[in-house]
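Morning, everyone. I have one structure to show today, and I will keep to two places in it. Please have a look at it first.

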Amino acid sequence: MTKLQTKAPAHDFPYTKKSIEKAFGRKISDIFEYFEEEPVASGSIAQVHRASLKFRYPGQKLKPVDVAVKVRHPGVSESIRRDFVIVNLLAKISGFIPSLNRLRLEDIVPQFAVYMTTQVDLAREAAHLSRFIYNFRRWKDVSFPKPLYPLVHPTVLVETYEQGEYISHYVDEVEGRSLIKSSLAHIGSHALLKMLLVDNFIHADMHPGNILVRVAQTKRPSKRLFKSKPHVIFLDVGMTAELSKSDRVNLLEFFKAVALQDGQTAAECTLKLSQQQKCPNPEAFIEEVKRTFAFWGTPEGFNLHAAECMHILLDQVRRHRVSIDGNVCTVMMTTLVLEGWQRKLDPEYDVMRTLQTLLFKVDWAESLAYTIEGLMAP
């Protein structure tokens, strides 16, 4: 999967060179000591080249430093706009087809379009990086690439080059190393909880292809235990989410209700997760959720994993045509994606349960920042 996320078709080097020189008004040789023509990664929006930065500002030579140069693919913005015009038309047509109407494509497509169109602006991504760097400034085990202003443009972004293995290497390939895997699961979940509960600024694309891991190596066995804790680097932060105050309160109350197995409250909170709720029969939705929660309280349902319960609930949301605003849906799906690869790293770790535990702290709004920061900061 990571290969699909990092090895999309690349554009040719002449276009890369032209884009850089047009964006910064300087020849590529006046900026970089060397520049690898072959991209190290390519995604749906842009591709990444490795280079050595020579001149950050015109005429001010630096000690060469390795950088990643992200260059947007040609015609991406226009292609996305054109595609969404077509998809939006098809979504409207689907509303007249009974078998497709329940999918609510007409509501979903515009929300997804917003995320995709903002993701193509690399200057916006640079601003997101700066914000994440500030938010995690006290954390020793989490970092983000640093945008190197003034080499920032909507079509080109120069940032620090980050070394590391994709986290999928540990999720799918590495045998053993349970301590490192468990640490990765904890670091990832606490980072998400900080984004969600403290900062209200969430990396909304946390698939394994956007996460690197560095593990310090040492030749001294006596220090290996202390040097083996991994460091996590989050990449590609073009897609983010922020919740309104009311959405945040409703989502947190929803998680509390799930923890208490309170189906009535969970369903009512879910119905509040859209400013324009279009559920045709809210009472039927509430009753089905209550029955589901009642089953989870039985010996048969007790062993269901929290994430599986969330999947069942989201399926009920779909079938009852319950509207959930885009940002909230993005946060919920990000949590499930993260939970998926964390469960592979450490089957005993439950990010949903950790979230629920934190939510039951007294005066959580005041103490949560201290609690989470204390878990990870030096």
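This is a predicted model: local features need pLDDT of at least 70, side-chain atom pairs count only at pLDDT 80 or more; totals for chains, interfaces and linings use all residues.

Helix α10 covers residues 245–260, and helix α11 covers residues 263–271. They pack with their axes 8 Å apart, at an angle of about 160 degrees. Angles over 145 degrees count as roughly antiparallel, and α10 and α11 are therefore roughly antiparallel to each other. Their crossing is left-handed.

Which residues of α10 and α11 meet? On the α10 side they are N250, E253, F254 and A257. On the α11 side they are T265, A266, C269 and T270. By type, the residues of this contact are four nonpolar, three polar and one charged.

You will find Q316 in helix α14, which is residues 306–319. Is Q316 buried or exposed? The relative accessible area of Q316 is 2%. Buried means under 20%, so Q316 is buried.

What is Q316 in contact with, once neighbours within four places in sequence are left aside? The contacts of Q316 are F285, E288, V289 and T292. With T292 there is also a polar contact between the side chains, at 2.5 Å. As for I286, that residue is 30 residues from Q316 along the chain, and the C-alpha atoms of the two are separated by 9.9 Å.

Key
Residues are numbered from 1 along each chain as its sequence is written. Side-chain values use heavy atoms; hydrogens and water are left out. Axes are lines fitted to C-alpha atoms, for helices over the stretch in contact, and angles run from 0 to 180 degrees between N-to-C directions. Helices (H or I, at least four residues) and strands (E, at least two) are DSSP runs, numbered from the N terminus. Angles under 35 degrees count as roughly parallel, over 145 as roughly antiparallel, 65 to 115 as roughly perpendicular and the rest as oblique. A crossing is left-handed if the near helix is turned anticlockwise from the far one by less than a right angle, and right-handed if clockwise. Contact means heavy atoms within 4.5 Å. Ala, Val, Leu, Ile, Met, Phe, Trp, Tyr, Cys and Pro count as nonpolar, Asp, Glu, Lys and Arg as charged, and the others, Gly among them, as polar. Buried means under 20% relative accessible area, exposed over 50%, partly exposed in between (1.4 Å probe, protein chains only). A polar contact is a pair of N or O atoms within 3.5 Å; within protein, one must be able to donate a hydrogen and the other to accept it, and residues adjacent in sequence count only if both atoms are side-chain atoms.
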